[in-house]
Structures are given as C-alpha cells and as structure tokens.
Amino acid sequence: MPQKIPVTVLTGFLGSGKTTLLNRILSENHGKRIAVIENEFGEVAVDHELVIGAEEELFETANGCICCTVRGDLIRVLDQLRKRRDRFDHVLIETTGLADPGPVAQTFFVDEDLKEDFQLDAIVALVDALHINEQLAEVDAAAEQVGFADVLLLNKTDLVDDAQLARAERALRAINATAPIVRTRRAELPIDAVLGLGAFDLNRALQRDDRFLEAPRPFEWIGSYALGAGRHDLHTGGAHHHDHDHDHDHEHGHEAHAGHDHDAHDDGHADPHAGHDHGALAKVGLLVLPAPGAGESGIESALDEATRLFGSPGALKRPGSAIEPGVHCTLALDGHAHFGLELPKAGQWLVILEHAPVEFGFSLMGPAPGAQREYGSHHHDSDIGSIGIQDPRPLDPGKVNDWLGYLLQSRGQDILRMKGVLNFRGEPRRYVFHGVHMIFDGQLERPWGSGERINRLVFIGRNLDRNELEAGFESCVA
Amino acid sequence: MSSASQPRLQRRVRILLGEYPVDATFSPDGRTLLVGDGAGTLQLLDVASSALQPLGVHAGGVLAVAWQPGGKLIASSGQDGEVRLADARTRESRLLSKAAGWSERLAFAPQGKLLAVGSGRTLRVYGSDGIERTSPLQQPGAINAMAWRPKGLELATLGNGGARLHRLGSSAGASGAAASVETVEHAHAGACLTASWSPDGRVLASGLQEGSVQFWNIGANTKSQMRGYGTKVALTSFSANSRLLATGADQAIVVWDFSGGGPEGSEPLQLSTHTARLTQLAFQPQGPLLASGARDHRVALWRPGVATDPVDADLLAGELALLRWSADGRWLAAGDSTGQLSVYEVALK
C-alpha cells in the first residue's frame, strides 16, 4: 500500500493574504512538489503545471445532513491527480474566502475513493490581523474557519499595533483555544508552518499533546495577593475602562453564550480602527480562593478547583455587598462600584476573574498582585467557542462510546472539531480521538509513560454547553 | 455449463506504457486502440502488431479521449486545458479550445457528426468541422457525466441535482448550421456521478454519490430509485440487450434486471469476486459478457444471469485503471496503474 498523499486545506477571508502565501509556496525553493487546487481563480500563476482551478461545488444528501455534505469538485480533481501521484508530494487546497471548511474536511473521511489515496494533513486558516475582529463579528464563515483550524496564521501583523494584535489573538483564542497562533507579516512563513503538520494523524498529534490540549478555562485572569485578615475593598469601573474602550470592540455583536452570562451588545459593528464607545460589561464572575502557595505554582495548583467552582451558578452581588472566599459570585457592574471582600485569615489569596481586569476596571485596594496569569479569552464575537475538560479519573470505554456516540448524533452539526486523549480504566495505552462534525476517528495509541494519566478533551463548536459536556464526561467515569 | 463454450480472456497484446493509462478508446473497426496517459502522451496502438505510434501531447496529463463513430476523428482533452481534434490517418491535430479549467467530458454523437465537450459546468457542442453548433450551454453544476442517447441527437448531462436532456435540432448535424437546443430537466436530489443509456434508448441510469441508483424512463417520463448501497455508486453499465444494468459500489457488482416489471420490486443479482474497490465495469457491446476491474489488480469476465462466478479472470501488475471494449465486442483492453496495457481477445473456446 503506497503512502497516502497529504492534503493541506488553506482557508482565509478575502484579503487575508492567501494568494501571497500561495505564490510564495509555489515560487520558493523548498524541495517539495505541491499540487494546488484553487477555488478562487485568476490570482495565482495558473501557468504553473500543478495549479488546477475548480469551482467549489457542494454535494448534499437528500436528507440534508450537513455532516454528510462533501465537495464534488475536490473528488473530481483529486481523482485525476491520483493518476500522477509520482509527480507531487503534497496537495494544497485554496478555498474561497467564504468556504465552509466542514465539507472540505469531510470529503476526506466520507468519499471511499479519496480515503484510499489521500490523507488530510491540516486545516490552516490565514487571518488578517487588521480586520479579523470585524470579520468575526459580521460573518459566520470567518468564525467557522477559525474554529476549524489546526493552525492560525495571523498575517499582516506589521499593520496593527500591539493592542490590536493582542485583541486579535484574544478573539481567535475565544473561538479556538487549541490551534497554535503563528504571527506573520506579508505571509512570510517557513513552509513547515503550513505543510506537513500531521494534525489529523493520531500518532503525531500525541507527540505534541501538551500544546494541542491545553484546556480552556471559564476565567480569564488569576492574581495572587498577600493579604491580611479582615475587609478589603474591591473596586470596579476604574478609569482604565474609560481610557481604553478602544480595546473592547471585540465585544461587539456577540451573542450570549451558553455557560456565560454575557449581555449581547447590539450597538453595531463600527470600524475597529476608530475608537468608539460601547455598552460595558453588565456582570462579571469572581471567585476568591486561598492559595496553596505564593507565585505561579500557587495559581497552578488551584486551577482545577477554580474551574469546578466556576461551573456552578454565581451568587449575584450588587455594589456594596460583601464577598466571601470560596463562593463563585457574579458582580453586577454599574459604573464605579465597590465590593467588600471579607477574609478570615491572613495569607496568600487568589482573585479569579471571568474577564481580564482591564476590561471592567478592576482593582483591589492594597498591594499589587505578586503573581498573575491570563487564560484564554472566552469573549464571543461569534457563538462558536471552545470548551476543554481535564480530569484524571479513569473512564469506562463502553460508557465513553455511548456518550460520544450520543453527542455526535445530537450535536454533530454544532461540533466543528473535537480532540482528546483518554485514560481508560485498566488500559496501559492512551485512547486518542478526533472528530469533524459527526465523523469520528479514535484508537488506542502508545502507552501512558511515567507521567500522570489524565483525560483531556477539547470541543470546538457552536453554542456548546459546558455543563452538558461535563455531565456527559461525568457519566463515563468508571 | 461445459467448458467448451466458456468465453476466455486471451491476451494478444501486453506492452508497458510506463505511465498511468487515463483513458482509451478503440477505433470503430477495433484494429487500433487510442490511449492517453498521465504524462500527457496520446498514442495509437495497432492491436495486430503491438506497435505504438505517437499522436500528440497534453502537457500535464490526458483527461479524456473519444473516437468518432464510423470515422477518423479523435478528440482529446488534457490538464493543459486544451481540447484537440486530430485526424487518425494524417495524425494532424487542431486546437478546439483552451481554458484555465479542465474539459473532462468528451462524447461524439452516435452518427459522429457532433462532439460534446463538458468543461466544469459548461457544455459546448461542435460539428465535425470543429465549429461550435450552439452557444455554450451553462449547466447548474459541474457535468459529472454525459452520454448521447443511442440513435438521435439528444445528449444527457448529469451532475449534482439530476440530469438534463439536451435535444438538438435536426439541423445540428449539417455543416455550418447553428442548432436549436431544447433542454428538459430531470431533477433529482443528490449528486449523479455516471450516465448510462440502455442501448434501446429508453432508460437513462445514473449512480449517485450517496449510494443509490437513479433510473429515468425517458419515453414513459417515469423515474425510480434503487437504494441500499453502502458506498457511492461510481460505475454503471447497460447490457447490449438493454435488459441488465450492472452497477458497482465498493467491491460488489449489483445487477438489476429490467425485464418484466423490473427492476422495481426485484432482487438484484450480486456478483462478488473482487477483494478491493471496483474501478471499472463494462458490458460487452453486442454480447452477453460483463467485464469488471478493481483495485485488487484483477480483471474479471462475467456472464450475469448464467453464472455467478467469473467465467475468466486475469491478474495485472497494478490497480485496474481502465477497461474498454471494441465496438464489436471482440477485443477488451485493460490498463493498470503501473502503466501496463493488455488487449484480450474474448473468444468462445
């Protein structure tokens, strides 16, 4: 059986720099022979022998299931390309700006002929740093492309300032918590950043599972403070907020996301380059916990407890009310407000916030945090987001099968991607899986080493419900 | 069945092209095989002498070839975006069209006076003089398959969403005349992949991506569908007597019988011998035999309805890439993915 031909899918909005990237890949001397299927005509040197133009065409089934939709144009062109497989090493598919990556990916799992000759390598999304926030707010396809991606290439970074760049990255992270973000200007990328990533190769995915499975958290920021016993003043609506509303346009147009209590802001989609006012956050989750130690390690060891407590509904706190440690609170924000934090004893304390402090002008009167850490944003310009689960308890393979089977049946259309490494009871090897919509691929892989056996799962999709996913996971514990 | 009357595959030619044979067709007299390969070379194989003669090149690879029924014209298309028309005798060729997209479908009308060219979603119809007979006809989707109705001037194009029948006016065959075209829609949900007319011209059949076969009885204006295939149906072929339709999905050959009230309500015949996905399926013109080929490197010869096992088979060096019968049903050409080309004489021993 000859090696399957790897296929990279390049997505990206109009203006993201796909053509520049493609021309680079075709003209640079990197020793790889690449056949390109181009859905957007006319911009790339078509006289190149291995550039093939094909008009995008969706083959839908009579039952209308989007998970069964495949791309007829790719089936047709790749069936010809496989007849000359000794002439190229890799296929690159350049989709149109508005293409849905789902059917492209599904084609390689559903079509029986393509499956035999081709293997999906990775879905790469090229993103325009200057316009991404506005695109995510306005066009669902942009969020879908980001959500589907195995790698996000953040292009045109030379055209934005640091704050815009950070905002763009937060917006990407909010949707896709696992794909590495590679910054670039003028699409100047080593070819290794685009080809040969092996994102759909279960064996290879494992070799870098620490990065690909860093679980998203329901909070964005933790600060560690050395505080005395008694009452401390928490302060919201500080000047910071008003000075930096420019930093907040990524809030626009989002919809309330399951599991998060955001208010929807419907105040239009203004040009992100012009500073503009917008509705401020109305509520924010807060939790105070005793730190097992000072510094980053103290933060690290409290993460799972904090995640667990954040999963319960927050107790509503109006300005002026008192807050006690260990209780997930929802602060009602109303401009400039104060809350009282009552601490039973002196020591190292963690303040855990649903949103970064800068976003609602948060400060604690007294010492600055000795250590602080930011976590992936869960702001939503789109209803697409990531949910991660980390848990060491061994699972029952039969129950996992039932749960994932049910999940794919009931939520397959909403789940864009899922990936995971599972700890099966009594099984020396890791179970590794990934999925695209309702297509699922999983197998037992190399043994757990001396390290901790821990389940890690990430779901990227539309309107995902953390509680539903956690309850499902819970049902699988052996 | 006595072995004395058993049809056999007798190999008369074996040559190494060295390139993947993409498409091939016999000359109307069956003496010459035109073959186009993945390197782009068009060659004429003289069956009697095994001699190869070059005919031309499509840079990047050949996509399709066709030979004018009863004539000497050869149409070819390639990954260079070109469609060429050549004279098999003089081997001179002319460019019909060149475009960025591929022209993957070529079909001469039964009388040989018209050539249909499908490029993506565009259908063009040329006269044998190389002049377009109509303005380009835009289809709703890419043309996945097309076939002229036996006898007459009707062309079926099939793709995502069903079939379309294009009736060309009777002046279409005449030199220099522009033709009227009447298009009849035969819509169907799903993506049609193949086009097979029953030789009597009554039924048009197509295999679908979602694992079913669609039939249109054009005369009676009825249609029906057969489901239950586990994978897409990429192969269909009608028997010479219009009675049987062979379909291929995955490793199994499923044959529907149109006699009596069939195929609705009838159990299809299932023929299995292949151990990997089928790649080719072709009923013998003017005969009862069916040839099949698969990724298991094997070519098999069947007599559907008479025997459930292959009546003969041969093992090739690679996956079966193409199978073509000569018009009289005497010769069968088989090419494999290693670039080996064989021509069998199919004889009753």
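Reader: What do the buried residues of α1(A) pack against?

Author: In this predicted model, they pack against β1 (5-12), β2 (34-38), β3 (51-53), β6 (90-94), β7 (118-128) and β8 (151-155) of chain A. Packing here rests on contact, that is, heavy atoms within 4.5 Å.

Reader: Which residues of helix α1 of chain A are called buried?

Author: Helix α1 covers residues 18-27, and its buried residues are A:Lys18, A:Thr19, A:Leu21, A:Leu22, A:Ile25 and A:Leu26. The word applies to a residue with under 20% relative accessible area.

Reader: What puts these residues on the same side of α1(A)?

Author: They cover an arc of only 160 degrees around the axis, and therefore they lie on the same side of the helix.

Reader: What joins β8(B) to β9(B)?

Author: Again there are 5 bridges, and β8(B) and strand β9 (residues 93-98) of chain B run antiparallel. B:Arg84 has B:Leu95 as its bridge partner in β9(B). This hairpin has 5 residues between its strands, and B:Arg91 in the turn has a positive phi of about 60 degrees.

Reader: Now for the two chains together. How many residues of chain B are in contact with chain A?

Author: There are 29 residues of chain B in contact with 23 residues of chain A. The chains bury about 2500 Å² between them, 44% of it on carbon and sulfur atoms. B:Tyr20, B:Trp102 and B:Arg295 supply 23% of the area that chain B buries against chain A, more than any other three residues.

Reader: What makes A:Arg82 and B:Glu319 a salt bridge?

Author: Their closest N and O atoms are 3.8 Å apart. The cut-off for a salt bridge is 4 Å, so the pair qualifies. Across the interface of chain B and chain A, the rule finds 10 salt bridges.

Reader: Which strand gives the largest share of the side of chain B that touches chain A?

Author: That is β16(B), with 3 residues. Both β6 (62-67) and β16 (181-191) of chain B supply at least two residues of this side.

Conventions:
Residues are numbered from 1 along each chain as its sequence is written. Chains are lettered from A and ligands numbered from 1 in the order in which they are written. This is a predicted model: local features need pLDDT of at least 70, side-chain atom pairs count only at pLDDT 80 or more; totals for chains, interfaces and linings use all residues. Side-chain values use heavy atoms; hydrogens and water are left out. Buried means under 20% relative accessible area, exposed over 50%, partly exposed in between (1.4 Å probe, protein chains only). Helices (H or I, at least four residues) and strands (E, at least two) are DSSP runs, numbered from the N terminus. The arc is that of the directions from the helix axis to the C-beta atoms. Two strands pair if DSSP finds at least two bridges between them. Buried area is the accessible area (1.4 Å probe) that two parts lose on being put together, summed over both. A salt bridge is a side-chain nitrogen of Lys or Arg within 4 Å of a carboxyl oxygen of Asp or Glu.
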